[in-house]
Amino acid sequence: MADLRAALSEEFDDVATYIQSGNVVLTSDLAAQRVAARVEAVLPDTFALDSAVRVLALDSPTYSAVVAGAPAGFGNEAEAYRYDVGFYLDVTADDVAPHVPTHPDVDVVTFGEHAYYHRRFNALASRSKVTKVVGSPVYGSLTVRNWRTTLTLAAMLDDDRGGRATGSAPSVTVQASITPGRGGTHRRRPRSPSRRRRAVRRRRNGRGSPGCTASRGPPAWRDARRAPRRRP
């Protein structure tokens, strides 16, 4: 994250990062959307990325609205439940809701204006269905943080806002969302020479290989057994 701070410090002021999941708080005169666009442009120039990265930037009032919009009691029973917040990137609650299934005994999901709030029962966490959102069309337009991280970033925004002079540039929180398969360079592992030789050998022997239609046909005794008998 030190390299990320250094790269963004050339573009913005008061850059601070939190843990290794792409969380940044900074100060800028630019609107949040322009901050996100600028960060998306900086990242490929600074790091060797093998996946597309989308960036969500929220100004301090909007981020405060996300925290205030959590359901009553959200986060109060950390020993029994896990709490996550799924932030929207250029989508709405109506876009996301159909792709977030829930298990009635495990999941409770509430959809807000800027994010959804997920409470999951720890003892039955493996039965949660919310994880199926990963394979959905909206997954690339979400970035998820646990409730503790969400509150920590809110506190960082408040500290930064309280320490600056009146009339100075506003604080913005930035979250990076890695989106595999969208412009990335992932490639399938090439088959080893030995596997290639075995595949060629199978084809030469007429037995074919997985996905190959080559075949020697049924044995002769099977043809004889299935041949109709002629009456004398």
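How many bridges join strand β1 to β2, and do these strands run parallel or antiparallel? There are 4 bridges between β1 (residues 13-18) and β2, and the two run antiparallel. Keep in mind that this is a predicted model. Overall, the protein has 7 helices and 8 strands, and buried residues make up 35% of its 232 residues.

**The β1-β2 hairpin**
- β1 and β2 form a hairpin, with 4 residues sitting between them.
- In the turn, I19 has a positive phi of about 45 degrees.
- Across the pair, D13 stands opposite T27 in β2.
- Strand β2 (residues 23-27) is mostly covered, with 5 of its 5 residues buried.
- N23, V25 and T27 point one way from β2, while V24 and L26 point the other way, and all are buried.

**The four-stranded sheet**
- An open sheet of 4 strands runs in the order β5-β6-β4-β7, with antiparallel pairing.
- Its edges are β5 (107-111) and β7 (142-146), each of which pairs on one side only.
- Going from one strand to the next, the twist averages 20 degrees.
- Over at the β5 end, 5 bridges join β5 to β6, and these two run antiparallel.
- D107 stands opposite R120 in β6.

**The nonpolar cores**
- The largest nonpolar core has 19 residues, and those with the most contacts inside it are Y63, V66, F74, V85 and F87.
- At least two residues of this core come from each of β3 (52-59), α3 (60-68), β4 (81-88), β6 (115-121) and α5 (147-162).
- Helix α5 gives the most to this core, with 5 residues.
- There's also a second, separate core of 17 residues, which includes A7, F12, V15 and V55.

**Around V85**
- What does V85 touch, leaving aside its neighbours within four places in sequence?
- V85 is in contact with V66, F74, A115, Y116, Y117, T143, V144, R145, W147 and T150.
- Two of those partners, V66 and F74, are also listed with V85 among the residues with the most contacts inside the largest nonpolar core.

**Contacts and surface**
- Of the contacts in the protein with a separation of 6 or more, 65% are between residues 24 or more positions apart.
- The protein exposes about 14800 Å², and carbon and sulfur atoms supply 48% of that area.

Note on methods
Residues are numbered from 1 along each chain as its sequence is written. This is a predicted model: local features need pLDDT of at least 70, side-chain atom pairs count only at pLDDT 80 or more; totals for chains, interfaces and linings use all residues. Side-chain values use heavy atoms; hydrogens and water are left out. A nonpolar core is a set of buried Ala, Val, Leu, Ile, Met, Phe, Trp, Tyr and Cys residues joined through side-chain atoms within 4.5 Å. Buried means under 20% relative accessible area, exposed over 50%, partly exposed in between (1.4 Å probe, protein chains only). Contact means heavy atoms within 4.5 Å. Two strands pair if DSSP finds at least two bridges between them. Axes are lines fitted to C-alpha atoms, for helices over the stretch in contact, and angles run from 0 to 180 degrees between N-to-C directions. Accessible areas come from the Shrake-Rupley method with a 1.4 Å probe; for residues, only the protein chains shown count as cover.
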